[in-house]
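Here is a short report on one protein chain. Please keep the sequence and the 3D view open while reading.

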Amino acid sequence: MCVAAPGKVIEIKDNTAVIDYNGNKVNANKGIVDVKVGDWTLVHAGLIIQVISDDEAQNMIDIFNELGDLS
């Protein structure tokens, strides 16, 4: 099973977006997903698969933080 964590688009150049995961920046291919700077996204295998709302991103971050507290 794969779990995609929410990351925020901070830069776009051509078909590549820079995604910020709490300070860790990675490149992701935009593929056919229409994204803009400031969007929250889910990335799998280096490809943006979905744009999500701010609320959904925050809910996921909260859940991941709670799971981290359990270990």
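This is a predicted model: local features need pLDDT of at least 70, side-chain atom pairs count only at pLDDT 80 or more; totals for chains, interfaces and linings use all residues.

Every value here is computed from it.

**Nonpolar cores**

The largest nonpolar core has 8 residues. Its members are Val9, Ala17, Ile19, Ala28, Val33, Val35, Val43 and Ile48. A second core is separate and holds 6 residues, including Trp40, Leu42, Ala57 and Met60.

Which residues does Val43 touch, leaving aside neighbours within four places in sequence? Val43 is in contact with Ala4, Ile19, Tyr21, Ala28, Ile48 and Ile49. Ile19, Ala28 and Ile48 also belong to the largest core.

Pro6 sits in strand β1, which covers residues 6–13. Pro6 is buried because its relative accessibility is 8%, under the 20% limit. Leaving aside neighbours within four places in sequence, Pro6 contacts Tyr21, Trp40, Thr41, Leu42, Ile52, Ala57, Met60, Ile61 and Phe64. Asn59 is 53 residues away from Pro6 along the chain. The C-alpha atoms of Pro6 and Asn59 are separated by 9.8 Å.

Leu42 belongs to strand β4. Leu42 also counts as buried, at 9% relative accessibility. With neighbours within four places in sequence set aside, the contacts of Leu42 are Ala4, Ala5, Pro6, Leu47, Ile48, Ile49, Gln50, Ile52 and Met60.

**The largest pocket**

Rolling a probe the size of a water molecule over the atoms shows where empty space is left. The largest pocket holds about 160 Å³ of space. Its lining consists of Ala5, Pro6, Asp20, Tyr21, Asn22, Trp40, Ile61, Phe64 and Asn65. Pro6 is therefore both a buried residue and a lining residue of this pocket.

Which elements supply at least two residues each to the lining? They are β2 (16–21) and α1 (54–70). The largest share, 3 residues, comes from α1. By class, the lining has 6 nonpolar, 2 polar and 1 charged residues.

**The salt bridge**

The count comes to 1 salt bridge. Asp39 pairs with Lys36. Their closest N and O atoms are 3.1 Å apart. Are the two partners buried or exposed? Asp39 counts as buried, at 12% relative accessibility. Lys36 is exposed, with a relative accessible area of 54%.

**Loop residues**

Most residues other than glycine have a negative phi. Asn22 has a positive phi of about 50°, although it is not a glycine. Asn22 lies in the loop between β2 and β3 (24–29). Asn22 is also one of the residues lining the largest pocket. At 82% relative accessibility, Asn22 counts as exposed.

Ala45 is not a glycine either, yet its phi is positive, at about 55°. Ala45 is placed in the loop between β4 (40–44) and β5 (47–52). Ala45 counts as exposed because its relative accessibility is 76%, over the 50% limit.

Ile32 is found in the loop between β3 and β4. Its relative accessible area is 87%, so Ile32 is exposed. Ile32 and Ile63 are 31 residues apart in sequence, and their C-alpha atoms are 28 Å apart in space.

**Accessibility at a glance**

The table lists the relative accessibility of the residues discussed above.

| Residue | Relative accessibility | Class |
|---|---|---|
| Pro6 | 8% | buried |
| Leu42 | 9% | buried |
| Asp39 | 12% | buried |
| Lys36 | 54% | exposed |
| Ala45 | 76% | exposed |
| Asn22 | 82% | exposed |
| Ile32 | 87% | exposed |

Notes: Residues are numbered from 1 along each chain as its sequence is written. Side-chain values use heavy atoms; hydrogens and water are left out. A nonpolar core is a set of buried Ala, Val, Leu, Ile, Met, Phe, Trp, Tyr and Cys residues joined through side-chain atoms within 4.5 Å. Buried means under 20% relative accessible area, exposed over 50%, partly exposed in between (1.4 Å probe, protein chains only). Contact means heavy atoms within 4.5 Å. A salt bridge is a side-chain nitrogen of Lys or Arg within 4 Å of a carboxyl oxygen of Asp or Glu. Helices (H or I, at least four residues) and strands (E, at least two) are DSSP runs, numbered from the N terminus. On a 1 Å grid over the protein atoms alone, a cavity is a set of points where a 1.4 Å probe fits but cannot get out, and a pocket is an open set with protein on both sides within 12 Å along at least five of seven lines; lining residues have an atom within 4 Å of a point. Grid points are joined across faces, edges and corners, and a volume is the space filled by probe spheres set on the points. Ala, Val, Leu, Ile, Met, Phe, Trp, Tyr, Cys and Pro count as nonpolar, Asp, Glu, Lys and Arg as charged, and the others, Gly among them, as polar.
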